[in-house]
Amino acid sequence: MEATYSDERNCVLTQVAQNEGAALGNGTLKYQGRKTSRANSEQRRRTILEAALRIVVRDGVRGVRHRAVAKEAQVPLSATTYYFKDISDLITDTFTLFVEMGAETFKAFWEESDDQLQKALALLDDSNDSRGQFVDQMLVLAVDYVGNQLTEHRDYLIAERAFQLECLRNENLRPIAFKHQTYLLNSLVSLFKRTGSSQPETDAQLFASFIAQVEYEGLLQKGGLDMAPIKQRLRRQIMLMFKH
């Protein structure tokens, strides 16, 4: 564990925001369909992509077809074929929009969690008591995040898994999928560095994988969401991850 944290604590969320902003603005995410120059054209294009995303949630990626999307978006069939020359472009751009929306949501979560995260980091020193308090604070953050994802962003999680499956069949989607992973990992790497992890990249990957698994199991639950077992698993994982 590092001896001091004061300077690091003050810039955690700043660094997170910079990571997310750089990821969004570095130009690596590019739309494949026809470019638009007018606001109303861009709005119609966005309407089509949002309709395609709803179909992904409801029917999976294989349900995305020009006719189905046009019906869902309530636009003429000619509009979908005008903006997207083929289904591949339509699916790729739908995934691109999905990743951009997800990155913005994740960035907003970190910014809204600023106070809790700073309080958690402020507790860190070499004592067992402070580490236990730190784990409690991080558990609140993790439970809030997972619970919010499963209740407020359930469709997002379903779409995420649909696109992950499609990436196994469609290699054109894989660079976008890697970019999607980067948004989460960059922020987690920053966090683990500031908690004194000797392997922040590895810890970030392990924790991200754990969160993804918990979210998946939460999606499979029938009826009301039971956060008790999820909270228990999160506590255990956080205790293990921050036992330096």
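A salt bridge here is a side-chain nitrogen of Lys or Arg within 4 Å of a carboxyl oxygen of Asp or Glu. By that rule, the count comes to 13. Keep in mind that this is a predicted model, where local features need pLDDT of at least 70, side-chain atom pairs count only at pLDDT 80 or more, and totals for chains, interfaces and linings use all residues. Residues are numbered from 1 along each chain as its sequence is written, and side-chain values use heavy atoms, with hydrogens and water left out.

Three of these pairs look like this:

| Pair | N to O distance |
|---|---|
| Glu 72 and Arg 54 | 2.9 Å |
| Arg 58 and Glu 72 | 3.2 Å |
| Glu 215 and Arg 161 | 3.8 Å |

Glu 215 lies in helix α11 (residues 200-220) and Arg 161 in helix α9 (residues 154-167), so their bridge ties together parts that are 54 residues apart in sequence. Helices are DSSP runs of H or I, at least four residues, numbered from the N terminus. Are these two partners buried or exposed? Both Glu 215 and Arg 161 are buried (under 20% relative accessible area; exposed is over 50%, partly exposed in between, with a 1.4 Å probe and protein chains only).

Now for Glu 72. Shared partners put Glu 72 in one salt-bridge network with Arg 54, Arg 58 and Asp 59. Glu 72 is partly exposed at 23%, as is Arg 54 at 39%. Arg 58, at 48%, also counts as partly exposed.

Conventions: Helices (H or I, at least four residues) and strands (E, at least two) are DSSP runs, numbered from the N terminus.
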